[in-house]
Amino acid sequence: MSSSASSPAPRARDSWSGQTGFLLAAIGSAIGLGNIWRFPGVSYSNGGGAFLIPYLVALVFVGIPMLWLDYAVGHKFRGSPPWALRKIIGGGEFIGWFQTFVCFVIMVYYGAVLAWGVQYTIYSVNEAWGADPTAFFLESFLEKVPGDTFSWAPAWAVMIPLALVWVLVLLVIGRGLSKGVEAANKVFLPLLVILFLALVVRALFLPGAVEGLNAFFTPNWAALADPKVWLAAFAQIFYSLSVGFGIMLTYASYLKPKSNLTGTALVAGFANSSFEILAGIGVFSAVGFMAHQQGVAVAEVEGLTGPILSFVTFPQIISMMPGGPIFGVLFFSSLVLAGITSLLSLLQVVSGGLQDKFGWSPARSALVFGVPATVVSLVLFGTRSGLNNLDIVDNFINSIGVVSSAIMFAVLCAVAGPRLGALRAHLNSVSSVKVPKVWEPLVGIVIPLVLFIMMAMSVVDLVTNGYEDYPGGYVMLFGWGAVAIAVIAALIFTFIPWKHRTVDTHATVTRILADDADAIAATEGDAQ
């Protein structure tokens, strides 16, 4: 009996209700914690207003082209990363599972930061951090142990909201794509924009706001001669847009056959960047107020990026300003909403992979991966060493896991299966904005090369200098170990037989090549 005859009947895949639902989810995935606490600091330290030039160049020549690649593969092959990349070539399934487990690693610690935001939204009401936000954050709230120590002891102020965050997001994922993820984004994303706009307007009217904005936007043109500034811009766009590691590929796979892919990518990309600039305006208006109150220059204010910006610097600002509790609730609520929409996109990659491989329902997939993810999240990031663990895992899985995933993905699409010409033809066949031929060498050669340079610099630095002041064994366990877990899990899942969707790679690619040969010929004929 043939494999197709013995295979279970395919369960109908869920889909977005329309282009708007997909666009909101894509923007919600792109807008996350990095927009609020990473972009303002990175921009300020890399040329200020001048940084916007390499930033916009990176958006146009890295972010949008990689978005188009994700959309093309997901929409054309209509599946999660393991399914879609295996349909290109058999060995592509490993890359797909690697992308999936990179998302798994990120999501188990990402929820912890959301738990901090939930708790700080409550703390804002009475400014519970008192006169010393640094000591409160590290000692009273996180109960942080030294960087060379691992502790299983729970930090209850983190663990309780962390458990609640996981219950919420798993309930949403368990409802499926249209009833869960899409419905949540239709509520959370507009609410995020409204709250954050209110926050920015309030910050703009603070004394010293103009000085903060001057510091943020004043260009240092000399910085443009520094290659590290350009790499910083590429890195910011790459991490911010969630490209190259399965998220946008998965989202695009649920689009209807006739969907405007390139136009949607342009809207999503520029909406994300607009929010980042808006975040910079809000953050530096508030930082300018803080500098004004302390009688110092903006350059002397510390903690302008990362968790310290959100959980130390901003509480200080809130304590100084009139109506601080309201400002605090707006800020931390925005942080939580931005994080939830991004966390849902990470969860959907893992859920989609399990649904495709095993034929499980969204509810069963959420239960199967959600329970162990919740346990790992609580045990590693809800404890007194949670901040140390998170710091190490986040650095390694982003600088090595995410970047290597994107490199392999781009190179695979350039050299295997229907190749980039066919993917470009597919984009052009359904989209309003036509993709030029230069997209192929850009995605197949230039972007992987730039990403490889970024990753090589990170690896050399980590091997040579270690990471921060953490002991080598600690870094090996949580840093290199996080990347190794994604690799090992990807290998295991690659060798597990498919239980649901029958994969006939040779026949699939042969058919696709034949279809796309006609599409490419038609595209080139139109161009002439």
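**First stop: Ser-333**

Select Ser-333, which is buried, with a relative accessible area of 18%. The cut-off for buried is under 20%. Bear in mind throughout that this is a predicted model.

Colour helix 16, residues 324-358, and you will find Ser-333 within that helix. Leaving aside residues up to four places away in sequence, Ser-333 touches Thr-121 and Leu-195.

**Second stop: helix 8**

Move to residues 133-141, which form helix 8. Which residues of helix 8 are buried? They are Pro-133, Phe-136, Phe-137 and Phe-141. These residues lie on the same side of helix 8, because they cover an arc of only 95° around the axis.

Select residues 386-415 for helix 18 and residues 419-430 for helix 19. Their axes come within 5 Å and cross at roughly 95°. That angle makes helix 18 roughly perpendicular to helix 19.

To see where the two helices meet, show Cys-413, Ala-414 and Val-415 on the helix 18 side. On the helix 19 side, show Arg-419, Leu-420 and Leu-423. Sorted by class, this contact has five nonpolar residues, one charged residue and no polar ones.

**Last stop: the whole chain**

Zoom out and switch to a cartoon view. The protein chain has 22 helices and zero strands. Its radius of gyration is 23 Å, close to the 24 Å that the globule rule gives for 528 residues, so the chain is as compact as a globular protein of that length. Along the principal axes, the C-alpha atoms fill a box of roughly 75 × 55 × 45 Å.

Colour by burial next: of the 528 residues, 59% count as buried. Finally, display the contacts between residues at least 6 apart in sequence; 85% of these join residues at least 24 apart.

Key. Residues are numbered from 1 along each chain as its sequence is written. This is a predicted model: local features need pLDDT of at least 70, side-chain atom pairs count only at pLDDT 80 or more; totals for chains, interfaces and linings use all residues. Side-chain values use heavy atoms; hydrogens and water are left out. Axes are lines fitted to C-alpha atoms, for helices over the stretch in contact, and angles run from 0 to 180 degrees between N-to-C directions. Helices (H or I, at least four residues) and strands (E, at least two) are DSSP runs, numbered from the N terminus. Angles under 35 degrees count as roughly parallel, over 145 as roughly antiparallel, 65 to 115 as roughly perpendicular and the rest as oblique. Contact means heavy atoms within 4.5 Å. Ala, Val, Leu, Ile, Met, Phe, Trp, Tyr, Cys and Pro count as nonpolar, Asp, Glu, Lys and Arg as charged, and the others, Gly among them, as polar. Buried means under 20% relative accessible area, exposed over 50%, partly exposed in between (1.4 Å probe, protein chains only). The arc is that of the directions from the helix axis to the C-beta atoms. The radius of gyration is taken over C-alpha atoms; the globule rule is 2.2 Å times the number of residues to the power 0.38.
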